[in-house]
Amino acid sequence: MENKLLPHNHGHLSKFLLNGTPKSEAFDTAAELLKIMSDSKRIQIFWLLCHCEECVINISALLEMSSPAVSHHLKLLKTAGLIINRREGKEVYYTAAKTPRSQVLHDMIEQVVEVACPADESFTDSSAYDSHISVINEIHELLISDLSRRYTIEELSSMFHINQTTLKAAFKTVFGKSIAAYMKEYRIKRAMEYLTATDISVSEISSEVGYENQSKFTQAFKSVTGILPKDYRKKD
């Protein structure tokens, strides 16, 4: 290609075009990438994941799309190396890959669409904080409304449409403990009230506060209070 002459000689630029232009194959990756990003919904999903980590169900709800359609777009974005995922239990979470390619696309989308990049969502952000507080308080009311019923993080996440990681972090921020630790202490405090204010048996109390058998209740009670339920009742 060095000996090839262009029809018009425009100086040093012509020489650069002859000697410095990559072969067409080098642009195939860019072409494939732009092809993948040719769908507006796919671009929207990618932009969303540049600012958060979410599951298919939440993305579907946010963008009013079916879960299969979202999954299809996520598969293509992952194949292109633009997003990554991780599994937590049965749930899979997606977020944008921390690569130069992803960052360039992120910046390009925001410049073209003229949308502001949202600040990192944290509990110091007032709107995000208020939103999380509201949901966490609803979850708290559900948890304490019937102590005989135990909910998993996965169930709560699905019921209240909140990311499991966000749910756990927000609950700890609001109540100072993990859900498991908080509910254990809450159950024992209720048991202490039963022991001092009623004459119902320890076995019945253990069932009332959500323990499947008296042995597990007794073990939990002692781990929190340092004494056995029967001794706590005698003490008072």
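## Helix H3 against helix H5

Lys41, Arg42, Ile45, Phe46 and Leu49 in H3 touch Val70, His72, His73, Leu74, Leu76 and Leu77 in H5. By type, the residues of this H3–H5 contact comprise 7 nonpolar, 2 polar and 2 charged. The model is a predicted one.

Two packed helices are described by the angle between their axes and the distance between the axes. H3 and H5, which spans residues 67-79, pack at about 70°, and their axes lie 10 Å apart. Angles of 65 to 115 degrees count as roughly perpendicular. H3 and H5 are therefore roughly perpendicular to each other.

## Helix H3 against helix H4

H3 covers residues 40-49 and H4 covers residues 56-63. The two pack at an angle of about 120°, with 12 Å between their axes. H3 and H4 are therefore oblique to each other. The crossing of H3 past H4 is right-handed.

On the H3 side, the contact uses Lys41, Gln44, Ile45, Leu48 and Leu49. On the H4 side, Ile59, Leu62 and Leu63 take part. The residues of this contact split into 6 nonpolar, 1 polar and 1 charged.

## Cysteines and disulfides

A disulfide is a covalent bond between the sulfur atoms of two cysteines. How many disulfides does a search of the whole structure find? The count is 0.

Take Cys52. The closest cysteine sulfur to its own is in Cys50, 9.3 Å away, so the two are too far apart for a bond. Cys50 is buried, at 16% relative accessible area. Cys52 is partly exposed, at 25%.

Technical notes
Residues numbered from 1 in each chain as written. Predicted model: local features only at pLDDT ≥ 70, side-chain atom pairs only at ≥ 80, totals over all residues. Heavy atoms only, no water. Axes fitted to C-alpha atoms, helices over the stretch in contact; angles between N-to-C directions. Helix = DSSP H or I, 4+ residues; strand = E, 2+ residues; numbered from the N terminus. Parallel < 35°, antiparallel > 145°, perpendicular 65-115°, else oblique. Left-handed = near helix turned anticlockwise from the far one by under 90°. Contact = heavy atoms within 4.5 Å. Nonpolar A, V, L, I, M, F, W, Y, C, P; charged D, E, K, R; others polar. Disulfide = S-S within 2.5 Å. Buried < 20%, exposed > 50% of the residue type's maximum accessible area, 1.4 Å probe, protein only.
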